[in-house]
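Today I open my notebook on a new model and write down what I look up, step by step. Come along and keep the picture beside you.

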Amino acid sequence: MSENVDSSTAPRLIGKPASVVSRLFESKQLGWAGFAIAVIFPFLVANNYAMNIATTAVIFILLASGLNIVVGYCGLLDLGYIAFMAVGAYTAGIVSKAWELPILFTIPAVLLMTVLAGLIIGAPTLRLRSDYLAIVTLGFGEIIRLTANNLTITGGPSGIYGIPGVELFGLDLSSPVMFYFFCVVVVSLLVLGSARLGKSRLGRAWRFVREDEDAAEAMGIHTYKVKLAAYIFGAMWGGIGGMLFAAHLSAISPQSFVFLQSALVLMAVVLGGMGNTRGVVVGAVVISLLPEFLRDMGNLRYVIFGVVLIAVMVLRPQGFWPTRAYEPEKAGPDRDGHDQDDGGSGPGAHGRKRSRREHRKVTSSGQERGENA
Amino acid sequence: MTQLLWNGLFVGSFYALIALGYSMVYGIIKLLNFAHGDLYMLGAFIGYAMLSSVGVIPASMSITALLIVLLLTMIISGGIGVGIERLAYRPLRGSPRLAVLITAVGASFTLEYGVSAIAGPNPRVFPVRLQGETFDILGARVSAPQIVLMVIAVLLMLSLNSYIQRTSMGRAMRAIALDPKGSLLMGINVNKVITWTFFIGSALAGAAGVMAGAYYGKIDFLMGFIIGLKAFTAAVIGGIGNIKGAMLGGLLLGLLEAFGSQWLGGEWRDVFTFAVLIAFLTLKPTGLLGERVTERV
Amino acid sequence: MKLRIPKVLAVGAVAAALMATTGCGGILSGGDENASGDSGPIKIAAVIPLSGSSAPTGTYMKNGMQMAIDEINAKGGVLGRQLQFDPEDEACDPTQAAAAANKAVSNGAVVSVGGYCSGATLPTLPIFAKANIPMIIPAANSQELVNQKLPNVFLINGTGAQQSAAAVKFMAKDGVKSVALVDDNTSYSKDIAAQTKKDLEAAGGIKVALATSVTAGESDYSSVVHDITGANPDMVYWTGYYQEGGLIINQLKAAGFKGKIMVADGSVDASLIEIAGGTSAEGVFATMTQTPDTIKGAETWIADYTKKFGSAPGPYSTQSYDAVRLAAEAITKADSTDGDKIIAALAAIDGFELFSGPLKFTPEHTLSSGGFQILVVKDGKFTLHDDLS
């Protein structure tokens, strides 16, 4: 659904050309292909149930691509991402009901509130590192949910009901198929946007901060501002996701924004391959559809879901579709040495080689943080 | 006031027991073990299964029976913790930490719904219920089972602390926490130590599960979820990776909840607790006893 | 460059394969949309929680429904056709509930008999309404469901307002002077607590000494117990479910609370007494519609249920059982599986015997009489204390 994030910034691999399959996965047309599939889908299966879960999946893709900005690009572990979706959904619901506005007119309010939420959550906490940030975001997620549960304006535990569907230039888009198309268009644009962001100057700064915060700081990057920017972009994506969610279900209640949902979005990002928009899209599709396919298994479906998660991560620790290694590593021929004889045997080999190299990076940065036992 | 203090400390000691496992595992392999709360749940169910298979236990024997079951449960849940580490975490050693986090969530799902599939989703009533006299201590109502459980919790924590401080295995654990590669080079069997860490952490969680079952009387397959989150919070308040910090964080969290609920009402309790946590971490970003680590580049 | 076209094709193929699985799911589940036609089994759908923390109650409901379906089928079904039961899990999550409802509609449901968590039931209303499928909601009873004024929605559980009216009536009758209201912060529970508070304040005379919430799913409720003993009311009214209710009763008694305790219908379950332990629950009152326990002649029903499912019936087993029977009755009366005709038949029903008494819907499609009574725990069982008539 997007251009490859890395192909333009990362120099092409030196050495043997990648295999057909490998190059296939790098292809720029892939985003269009994904988009085309999403558009064709309703013509293949057009019952309401399929449309419903497909729409849910598309909204989930948006959430995952938003969280990807925070976790994938910038390396900030956010365990309360669903809070932004809650802020967006509630703002859209409250504003559109109070003033009887079409839901798209709530977008400015949604963006304003989510940016504000991003600032309030991010400003005091982004100086924290890794796991402390994780617990703080988790705490904020719970605070937002509980507050929504306790206030009258948010409808208390029953939430808000009767949120209008989407209308555009007098055209009613609330039928399942039309709303699905609408979501596909909006989400594609935003996913493309997040991929572009990843390639921008800011995106490079994010990756630098992720790889080594101190070095980034030393190179003149204002890490705090950069991290805050990631947070706010993530928040806006989440807020729009919330708005679509509210229009989709027409009812929102605090049960939709529990910690488990944050964990699921995070899973989509990690499972797909952190930092790679394409991977994240695939991860989001899998995470949102898998429990639905297992619906007939009853209570066992979450057992299977859990086992599948473990199995996938054990087999592919970098996710389905890991991001290509980044340019700082490529600079010297020495460090690149072992990379040159890699790549001839498909993406699997790529992934494994790369993973070994990448985890050296990640574990070492892991050790630098919070070592205080 | 004293009643609030006592209530807070009592709940806090449960949090502390579970937070210990969180913190030990984190200290050594930097993993947030999300399945940890579910080992508490599993402990409760193992205890339940053992006690109900024995049949009716005379009241005079219930404490002895409970202690035996407690020990056995610790061994079994410790073993399960080790098994999870083998299957879900070890293959990912050295992978990005977030990948392991996902397998931890996967393990948590598997345990919760596995138990639900085997034992059914209904809550179970624990076969042995600790009951006893209540005393008045400085205006607080304290019951005998509460004291017994507190004593067991404190003993477990103290013995863990001396284990880590005094034994060679404990020293190995501390060494790995400090520098895994260095310890490997110094001839420490890292895998063995990690196995032990999981065993001890899971055994403590299992013990907490049995104790909770016997004291509160009700167990269900999702009982580990909320308390797992709370224990994680407690571990962070104390300074994650720090054993004494986890104990302190657990007690502090219990107190915060008791007072928050009193001041603001039950529906705002968790909001209050998390708000205090956030405010606290912004002021002291490494937790109570966590040391400020100079970032090495 | 030469590779481009095959590349795109191949990508398309890979992704299409991925999507095809989606398609299959859709096609399979949508395969027999004509089931609501004139032949084959009549499908009865139920969107209920079968996983997550509400799974226990969802299972009770599913069993109750299954029992009614089997009984009706054994007698030859409805309109000469068999009933087919289609339970869909929603885990109390609005998103999953919407998906489940859509799946039920695609499966060709004729009547929906589910609905437990009000928050998760709300988004299913427009889905069933659009498909013109009558909904008989056995458990969810938030006022919001009524406020939507949808013609296809029928509630056969007493509403929060009816329950709180019964509670207030009994409090006054029993000479209670001050009350503590405790809910579990879910919409069902908060609905009753808030309504009771409003009723008490309107009536005057009885003071609300404390109104607070707890978090469901925890074990230690010492802080709320401390708040209650501090406020020292004559009566505590717990409006949540039995899992937490049992613990709160136990911990209140352990803390030496001497006042009365009353629980709402979500707590009326044998497990409440077990969880409370020993004789802690003795003398606990409850506001409840008629249950098999309080109806003479229902022993055989309980015995049948226990024999069939290996455990005693629980909360909403009876309402769910009744919902299916009511659906069958309405289809018979309508002599059709057409949505409009069934809705008309439901609205016209008068005197159909449910566990809660003879049924007649109000214009709002709620029970014309809530039929709430006061039960008390005596010798380890809920027994009728006062029928409030």
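**Entry 1: terms and ground rules.** I start with pairing: two strands pair if DSSP finds at least two bridges between them. Helices (H or I, at least four residues) and strands (E, at least two) are DSSP runs, numbered from the N terminus. I note that this is a predicted model, in which local features need pLDDT of at least 70 and side-chain atom pairs count only at pLDDT 80 or more, while totals for chains, interfaces and linings use all residues. Residues are numbered from 1 along each chain as its sequence is written, and chains are lettered from A and ligands numbered from 1 in the order in which they are written.

**Entry 2: the sheet of chain C.** I looked up the strand order in chain C and found an open, mixed sheet of seven strands, E7-E6-E8-E9-E10-E13-E14. At its edges stand E7 (207-213) and E14 (381-386) of chain C, each with a single partner strand, so one side of each has no neighbour in the sheet. On average, neighbouring strands of this sheet are turned by 25 degrees against each other, direction ignored.

I then picked one pair inside the sheet. Strands E10 (residues 285-288) and E13 (residues 373-378) of chain C pair in the antiparallel sense, over four bridges. Which residue stands opposite C:Met288 in E13(C)? I found C:Gln373 there.

**Entry 3: helices on the sheet.** For angles, axes are lines fitted to C-alpha atoms, for helices over the stretch in contact, and angles run from 0 to 180 degrees between N-to-C directions. For contacts, two residues count if their C-beta atoms, placed from the backbone, lie within 7 Å. Helix H7 (residues 160-173) of chain C lies across several strands, among them E6 (178-183), E8 (235-238) and E9 (260-263) of chain C, and runs at about 145 degrees to E10(C). Helix H8 (residues 187-203) of chain C touches E6, E7 and E8 of chain C, and its direction makes about 160 degrees with that of E6(C).

**Entry 4: domains of chain C.** The bounds I use come from an automatic or database domain assignment. Chain C is divided into domain 1 (33-158 + 298-355) and domain 2 (160-288 + 373-386). Their centres, taken over C-alpha atoms, are 29 Å apart. Domain 1 of chain C gives 10 residues to the contact and domain 2 of chain C gives 12 residues.

**Entry 5: confidence.** I read pLDDT as the predictor's confidence in each residue, from 0 to 100. Chain C averages 84, with 88% of the residues scoring at least 70. Among its elements, helix H1 (residues 4-29) of chain C has the lowest mean pLDDT (42), and E8(C) has the highest (95). In chain A the mean is 78, and 78% of the residues reach 70 or more. Residues 325-373 of chain A have a pLDDT below 50. My reminder to myself: where pLDDT is low, the predicted coordinates should not be read in detail. For the complex, the predictor gives an ipTM of 0.85 and a pTM of 0.82.

**Entry 6: where chain A meets chain B.** How many residues does each chain give to the contact? I noted 46 residues from chain A and 53 residues from chain B. On the side of chain A that touches chain B, H6(A) gives the most, with 11 residues.

**Entry 7: chain B.** I listed 11 helices and four strands in chain B. Its radius of gyration (taken over C-alpha atoms) is 19 Å, close to the 19 Å of the globule rule for 297 residues, so chain B is as compact as a globular protein of that length; the rule is 2.2 Å times the number of residues to the power 0.38. Strands E2 (residues 134-137) and E3 (residues 140-143) of chain B run antiparallel and are joined by four bridges. B:Ile137 has B:Ala140 as its bridge partner in E3(B). Two residues lie between the strands of this hairpin, where B:Leu138 takes a positive phi near 50 degrees.
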